[in-house]
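The structure comes first, and the points follow by topic.

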Amino acid sequence: NGFLPTPESKAVVPKVVDNANQFHQVWVTRFFNRNPNFSRQVNWNEMVSGPETELSPILTPVVNKTFDKPSYSSVSRTLLRALRRKGITTVAIAGVDTDACVMATALGLFDAGFETFVVSDGCASSGGTEYHETAIKILERNIGTDYVIPFNELPDMLSDETSYKWRF
């Protein structure tokens with residue numbers, strides 16, 4: 001909820017819900033501001049607890065698994081263990097903020113060896129369209145233009161049980 005202050009950010013949630021049936025499961029992350037660098041370096045002290053840290057009620061019905069995270073990237077030992085235990089090799093990421101959590105997670109999963117898609121029309125930035133579009137360009141460069149695509153271009157392979165969509 002705390003990342004949904006703009007119309008663009010709010011519009012992402014229904015898109016993810018409307019497209020959830022394309023995927024075997026939807027796993028999500030829930031952000032809790034526990035990293036002291038957010039306060040110390042960017043003077044940001046939001047999303048420590050309360051309603052702003054909860055998932056959007058629109059999203060909750062399609063969620064199969066939730067992970068909590070204290071920083072930009074969702075890539076943790078727990079996440080990597082869960083993915084590998086399920087034999088998952090391909091993920092598709094959607095969510096807010098494209099220029100922060102989405103990008104950090106996509107690059108982390110790419111670095112960990114996963115085939116990583118970013119759903120361009122399933123992402124937005126609470127900082128506005130300019131941040132989203134810039135992040136999309138950077139992701140196209142860093143994970144490949146064939147892997148930053150809209151919902152309607154996702155390959156059929158993502159609908160099997162070894163691939164999962166993430167909302168960050």
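C123 is buried, with a relative accessible area of 6% (buried is under 20%, exposed over 50%, partly exposed in between, with a 1.4 Å probe and protein chains only). The model is predicted, so local features need pLDDT of at least 70 and side-chain atom pairs pLDDT 80 or more, while totals for chains, interfaces and linings use all residues. Residues are numbered from 1 along each chain as its sequence is written, and side-chain values use heavy atoms, without hydrogens and water.

**Cysteines**
- The count of disulfides (cysteine sulfur pairs within 2.5 Å) is 0.
- C101 is in no disulfide, and the nearest cysteine sulfur, that of C123, is 11 Å away.
- C101 is also buried, at a relative accessible area of 3%.

**Aromatic pairs**
- There are 6 aromatic pairs; rings of Phe, Tyr and Trp (its six-membered ring) pair if their centres lie within 6.5 Å, and planes under 30 degrees apart count as stacked, over 60 as edge-to-face and the rest as tilted.
- F38 and Y72 make an edge-to-face pair, because their ring centres are 5.0 Å apart and their planes stand at 75 degrees.
- F38 belongs to helix α2 and Y72 to the loop between β2 (65–69) and α3 (77–85), 34 residues apart; helices (H or I, at least four residues) and strands (E, at least two) are DSSP runs, numbered from the N terminus.
- F38 is buried at 5% relative accessible area, whereas Y72 is partly exposed at 37%.
- F117 and Y147 form a tilted pair, 4.8 Å centre to centre with 45 degrees between the planes.
- This pair ties together parts 30 residues apart in sequence, because F117 lies in strand β4 (residues 115–124) and Y147 in the loop between α5 (129–143) and β5 (148–149).
- F117 is buried at 3% relative accessibility, and Y147 is partly exposed at 27%.
- Ring pairs join F31, F38, W44 and Y72 into a cluster.

**Charge over a ring**
- The charged end of K65 sits over the ring of W27, 5.7 Å from its centre (NZ of Lys or CZ of Arg within 6 Å of the ring centre and within 35 degrees of the ring normal).
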